[in-house]
Amino acid sequence: MISATKKQRYQVFFLTLYSMGLRLSEGLNLTIHDIDSQTMQVHIREAKGGKDRLVPLPKRTLHALRCHWQTHHHARFIFPGLGNGMNSPMDKGGLDLRSLQVLLGHASLNTTARYTQLTQLKQRDAAVAINQLADKLALDWSLK
């Protein structure tokens, strides 16, 4: 589905959601300050229940995010709105939610994963697994 998406901003957005297991609102509200390329983690602010969490950042996703950011250089948002909406996140109404539901493998849009606290060993194992998953994605598009 990512490869079938025509616009690069949505390709990168779908890759970000899929590879990090993010909810729609979490992906839309990502800021450049949430990305920590040193620890390869992303700080998700006010996730479900208003709690913050850290998720592993696959290398392939980091590369895609960096290439995408080069297209707009927004001072805050990774996925800014267009035109007059540049001071807010990208509008969720522009996304094909049914395709996003299929991409994430949810039976319904309300389905969410259960999150538990992870030990450092489990976090490292999860990061390795997520990088392997992202590296195996068959994408027809390429970011330079």
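**Entry 1: Phe 79**

Which residues does Phe 79 touch, not counting residues up to four places away in sequence? I looked this up in a predicted model, and the list runs Arg 9, Val 12, Phe 13, Thr 16, Gly 27, Leu 28, Leu 65, His 68, Pro 89 and Met 90. Phe 79 itself sits in the loop between H3 and helix H4 (97-104).

**Entry 2: the chain as a whole**

I stepped back for an overview. The protein chain has 5 helices and 3 strands, and from the N terminus on I read the elements as α-α-β-β-β-α-α-α. Of its 144 residues, 38% count as buried. I also checked contacts between residues at least 6 apart in sequence: 59% of them join residues at least 24 apart.

**Entry 3: the aromatic pairs**

Back to the rings. I found 2 aromatic pairs in the structure. Phe 13 and Phe 14 have ring centres 6.3 Å apart and planes at 50°, so I logged this pair as tilted. Phe 13 and Phe 79 make an edge-to-face pair, with 5.0 Å from centre to centre and 85° between the planes. Phe 13 belongs to helix H1 and Phe 79 to a loop, so this pair ties together parts that are 66 residues apart in sequence. Taken together, the ring pairs link Phe 13, Phe 14 and Phe 79 into a cluster.

Are Phe 13 and Phe 79 buried or exposed? Both are buried. For Phe 13 I noted a relative accessible area of 0%. Phe 14 comes out at 4%, so it counts as buried too, the cut-off being under 20%.

**Entry 4: the nonpolar core**

Next I asked which residues touch the most other members of the largest nonpolar core. The core has 25 residues, and the answer is Phe 13, Met 20, Leu 22, Leu 30, Val 42, Ile 44 and Phe 79. Two or more residues each come from helix H1 (8-20), helix H2 (24-28), strand S2 (41-44) and helix H3 (59-69). H1 gives the largest share, 7 residues. A reminder to myself: in soluble globular proteins, nonpolar side chains tend to be buried together.

**Entry 5: helix H1**

With that share in mind, I went along H1. It has 13 residues and spans 18 Å from its first C-alpha to its last, close to the 18 Å expected at 1.5 Å a residue. H1 is mostly covered, with 11 of its 13 residues buried. After the helix comes Gly 21, and I noted its positive phi, near 65°.

**Entry 6: Arg 9**

Arg 9 lies in helix H1, and I wanted to know where an arginine side chain goes there. Is Arg 9 buried or exposed? Its relative accessible area is 15%, and buried means under 20%, so Arg 9 is buried. Its side chain reaches the backbone oxygen of Pro 80 at 2.6 Å. Its charged end sits over the ring of Tyr 10, 5.9 Å from the ring centre. Leaving aside neighbours within four places in sequence, I list its contacts as His 68, Phe 79, Pro 80, Leu 82 and Met 90.

**Entry 7: helix H3**

His 68 sent me on to H3. The buried residues of H3 are Thr 61, Leu 62, Ala 64, Leu 65, Cys 67 and His 68. What covers them includes H1 and strand S1 (35-36).

Notes:
Residues numbered from 1 in each chain as written. Predicted model: local features only at pLDDT ≥ 70, side-chain atom pairs only at ≥ 80, totals over all residues. Heavy atoms only, no water. Core = buried A, V, L, I, M, F, W, Y, C linked by side-chain atoms within 4.5 Å. Buried < 20%, exposed > 50% of the residue type's maximum accessible area, 1.4 Å probe, protein only. Helix = DSSP H or I, 4+ residues; strand = E, 2+ residues; numbered from the N terminus. Contact = heavy atoms within 4.5 Å. Expected span 1.5 Å × (residues − 1). Polar contact = N/O pair within 3.5 Å; in protein donor to acceptor, adjacent residues only side chain to side chain. Phe/Tyr/Trp six-rings, centres within 6.5 Å; stacked < 30°, edge-to-face > 60°. Lys NZ or Arg CZ within 6 Å of the ring centre and 35° of its normal.
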